[in-house]
Amino acid sequence: MIGALTYVMVAAPVAAIVGCLVLRSARLSEALNLVASAVAFCCALPLPFLVGDRESLFWSDYILVDRTTAWVVMCTAIVYFLASVYAVGYMRLLNEDARLFQFYALFAGFGATTLAGPLMNSVGIYWIAIELTTLVSTFLVAFEREAESMEAAWKYIMVVSAGISLALLGTVLFYWGGSFVLGPTYNMTWSTLAAAAPQINPVLLTLAFLLVLVGYGTKVGLAPMHAWLPDAHSEGPAPVSVMLSGALLNTAMVGIFRFLAIVEFAGPSLVPQLALVLLGAFSLLVGALFIVRQRGVKRLMAYSSIEHMGVVALGFGFGGPLGIAGAFYHMLNHSLNKSLMFFGAGNMMRAYGTKRIGQIRGVAEYFPTTGGLWLAGAVAITGAPPFGLFSSELTIMRAGLQPAFAWAVYVMAALLIVIFVGFMNHFRVMYYGSPADPPIARRLSAWCVGPMWAALIAVLVLGLWWPSGVWNYLIAIAHSGVGAPR
Amino acid sequence: MLIQHLHPLASSLFSLLAIASLLLSFVMLGSRWLRKYLYAFAAESWMIAGLSAVVGFYGGFPELYLVALLTFLFRGLLLPYLIWRIIRRLQVDREFHLIIQPSTSMVLGGLLVMFALAVSFHVAAAYHLELTVAALALTVMLSMKLIGFLMLAIRHEAISQILGLLVLENGIFLGTQILVPGMPLLIEIVILFDLLIVVACFGVLVGYLLTRVGATSSLELRKLVG
């Protein structure tokens with residue numbers, strides 16, 4: 001059952017790619033991608049309920065479905081589905097119908113690779129999957145073919161390829177360390193590596209982990225390796241920004257989590273955790289500084305992504321069941337909420353014909369519904385109650401209240417307040433400033449507003465109601481992953 | 001473990017090829033002509049292909065002959081040819097804005113090699129391998145990595161940046177052959193193909209950069225800040 005669902009989930013977008021390229025029609029590829037994402041969504045949603053205690057391996061052990069995978073894949077599939085619905089409305093506004101089939105082929109490819117990444121059981125093939133997501137999404141970032149999007153795409157592929165080559169180096173060092181234990185040729189999966197880890201020399205293990213952290217950290221957008229992120233997120237079409245922020249970052253983050261689990265399994269050591277906490281705190285700082293003085297509306301959301309990946313990194317760094325569970329819960333909340341924010345930003349960009357915050361005025365007056373949803377999303381993304389991010393951030397902070405990391409909790413709290421003030425100030429100006437130019441488009445299609453409703457309701461429900469089943473599930477991830485024997 | 005009981009001749013051959021590759025990356029660092037970079041890169045790839053074959057012979061890993069062949073074909077011939085075509089189309093033959101003179105960058109490269117040596121000795125000491133070819137392989141791998149990053153940092157032509165990225169990967173490739181010759185063949189082959197895709201992407205992007213931004217130097221990419 002799990003196997004069938006997994007295969008169908010990845011096969012559906014792949015079939016959509018083929019369909020788009022064969023039919024070459026804008027409307028048909030739209031429908032194909034939408035159907036593929038709906039199928040992937042329906043397959044991914046039951047996975048966390050089905051996985052249970054054990055790891056399921058498929059396709060001669062190349063595919064691994066465990067609790068961690070199922071959770072991350074579910075987040076990705078939700079974002080992919082919402083973004084595909086939104087793309088139908090948004091991409092029609094761009095007047096690029098002739099090239100639209102290419103867009104949807106790439107978009108389905110991006111969906112397939114981000115869904116497949118966390119499923120990889122072999123450490124080396126996971127690296128290849130992450131590299132493939134970069135290749136596919138570069139062309140999505142460059143889709144609008146403006147000078148700015150070319151610049152963003154170039155920076156994206158340069159910075160991320162260079163960064164991720166460090167992750168490959170770290171992977172090779174992990175393999176080398178394992179070869180002292182398991183012999184020169186062995187199948188490097190997450191579990192064999194974890195089993196060998198206690199006998200690998202700690203110096204080598206730490207070096208390898210730091211390289212992997214910097215490498216995949218580049219892909220996650222942890223500061224100071226974040227240089228590509230604001231550009232790529234702001235210059236691609238809005239559905240692509242949603243996928244980059246809500247799906248791609250998690251896909252790379254899960255790799256960091258798994259390597260951390262391997263290192264922790266070898267024995268407690270402070271360096272990996274401290275490195276994650278430092279990177280997380282620095283990401284929050286960079287996010288806060290750039291959010292306060294931001295002028296582009298999508299760049300504002302991009303820096304908020306850096307901030308939230310910093311929060312997730314802090315959760316993993318603090319460790320313990322509370323920290324890990326909080327971090328995974330935060331991933332889901334962030335995926336939903338950031339989709340909502342980019343949907344809203346895309347809508348306002350199309351409505352006012354500008355990316356600059358300074359030229360968007362009077363949103364409350366012209367767009368009461370969309371504006372209201374977007375504002376609620378902004379309150380949620382800054383971590384205010386009663387939304388999901390409040391509870392996950394609070395959980396992570398509770399996890400950090402231990403002698404070694406208490407300072408990081410205070411830093412995090414202070415920076416989150418700064419970010420709240422900065423964010424709300426931008427929204428105040430956009431909502432209540434006197435309208436200099438009225439918006440060029442007054443009506444937004446249901447395709448563009450519907451996904452915002454879905455995302456907001458989900459975030460609200462996750463904030464008000466946290467079923468004990470979900471909590472137990474996340475605690476089980478924490479126990480299976482870091483620090484506890486299997 | 002291959003390294004521990006190695007024929008002295010094999011050990012010297014490994015060292016020779018590894019050091020030759022490292023020297024070739026200094027050739028890249030010390031030149032400002034794009035074609036010289038390219039030739040040095042191609043020669044470096046041949047060294048690595050040769051290394052794969054030698055390791056395959058002495059270590060008894062017949063599948064490394066296939067890797068050697070593919071490395072030679074892809075990284076030694078096809079990639080340089082593709083990049084050569086891009087250079088010809090762009091009509092850019094050298095770096096115009098040097099941030100650091102080639103001589104200075106070679107000194108910096110030397111310092112990076114010393115740093116890499118210190119790190120790899122520390123790691124190799126943990127396994128009592130300081131005086132074997134493993135320490136050398138680790139040193140060369142890390143130094144080519146660092147030199148690649150140095151090239152990315154101080155060079156601004158799109159082509160130099162692509163080549164810098166390829167040097168990063170070459171370093172890993174070289175180290176992999178000596179340290180973990182048994183690393184699953186599948187991965188090595190897929191990484192080779194992956195690189196080919198990367199360069200194809202770069203070719204497309206460089207074309208776009210030229211038509212949209214009007215230049216291929218990353219110094220011109222300054223629209224997106226803050």
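Okay, let's start with chain A: its secondary structure comes to 20 helices and two strands. Helices here are DSSP runs of H or I with at least four residues, strands are E runs of at least two, and both are numbered from the N terminus. The radius of gyration of chain A, taken over C-alpha atoms, is 21 Å, close to the 23 Å that the globule rule gives for 486 residues, so chain A is as compact as a globular protein of that length. That rule is 2.2 Å times the number of residues to the power 0.38.

Before I go on, this is a predicted model: local features need pLDDT of at least 70, side-chain atom pairs count only at pLDDT 80 or more, and totals for chains, interfaces and linings use all residues. Residues are numbered from 1 along each chain as its sequence is written, while chains are lettered from A and ligands numbered from 1 in the order in which they are written.

For chain B the mean pLDDT (the predictor's confidence in each residue, from 0 to 100) is 85, and 96% of the residues of chain B reach 70 or more.

Keep helix 7 of chain B in mind for the contact between the chains. That contact takes 39 residues from chain A and 37 from chain B; two residues are in contact if their C-beta atoms, placed from the backbone, lie within 7 Å. On the chain B side, helix 7 of chain B gives the largest share, ten residues. By class, that side has 26 nonpolar, six polar and five charged residues. Nonpolar means Ala, Val, Leu, Ile, Met, Phe, Trp, Tyr, Cys and Pro; charged means Asp, Glu, Lys and Arg; the others, Gly among them, are polar.

Now, back inside chain A. Buried residues make up 64% of its 486 residues, buried meaning that 20 or more other C-beta atoms, placed from the backbone, lie within 10 Å of a residue's own. Take helix 6 of chain A, residues 123-141: 17 of its 19 residues are buried, so helix 6 is largely enclosed by the rest of the structure.

Last stop, A:Ala40. Leaving aside neighbours within four places in sequence, A:Ala40 is in contact with A:Met9, A:Ala12, A:Pro13, A:Ala77, A:Tyr80, A:Gly111 and A:Leu115.

How values were computed: A residue is buried if 20 or more other C-beta atoms lie within 10 Å of its own, exposed if 12 or fewer, and partly exposed in between; C-beta atoms are placed from the backbone. The expected span of a helix is 1.5 Å times one less than its number of residues.
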